[in-house]
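Thanks for making time this morning.

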Amino acid sequence: CQYDVACKFCHGDHLPKKRDVPCKSKRKSAKALVDRLFQDCVALGMTLADADVALQSAPEFPHDDDPAARYTQKLLRCSYAQLIDRAQDVVAGQTPNRVDGHTICRMSF
């Protein structure tokens with residue numbers, strides 16, 4: 001900017017942007033929780049709604065951290081979406097959509 005530090009737009013007082021993604025350690029914890037819970041829920045034949053209830057009742061679920069809670073629930077929804085996509089691909093005789101060995105989640109959030 002041509003006004004440098006005197007610019008009221010660049011250097012004015014405004015609220016910092018709120019980050020919607022939890023920090024790396026919370027994301028790692030969320031992935032571990034969802035991976036463990038997802039395997040158990042699939043083995044028991046639970047629906048996504050039942051799995052979400054089980055997730056929120058888990059002691060490790062971040063009730064006090066809204067971005068981390070939303071992120072954890074998103075991971076669970078995506079895991080179920082990937083499971084459904086893989087099942088539909090198998091029924092249709094197609095190979096699952098993969099990029100670098102990871103199944104693509106086609107679910108929008």
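The largest nonpolar core in this predicted model has 15 residues, and those with the most contacts inside it are Val 34, Cys 41, Ala 51, Leu 55, Leu 75, Leu 76 and Tyr 80. By such a core I mean a set of buried Ala, Val, Leu, Ile, Met, Phe, Trp, Tyr and Cys residues joined through side-chain atoms within 4.5 Å, where buried is under 20% relative accessible area, exposed over 50% and partly exposed in between, with a 1.4 Å probe and protein chains only. Two or more residues come from each of helix 1, helix 2 (48-57) and helix 3, and helix 1 gives the most, with six; helices here are DSSP runs of H or I with at least four residues, numbered from the N terminus.

Tyr 80, leaving aside neighbours within four places in sequence, is in contact (heavy atoms within 4.5 Å) with Phe 38, Cys 41, Val 42, Met 46, Thr 47, Leu 48 and Ala 51.

For a contrast, His 63 lies in the loop between helix 2 and helix 3, and counts as exposed because its relative accessibility is 56%. Not counting residues up to four places away in sequence, His 63 touches Gln 56 and Ala 58.

On conventions, residues are numbered from 1 along each chain as its sequence is written, and side-chain values use heavy atoms, with hydrogens and water left out. As the model is predicted, local features need pLDDT of at least 70 and side-chain atom pairs count only at pLDDT 80 or more, whereas totals for chains, interfaces and linings use all residues.
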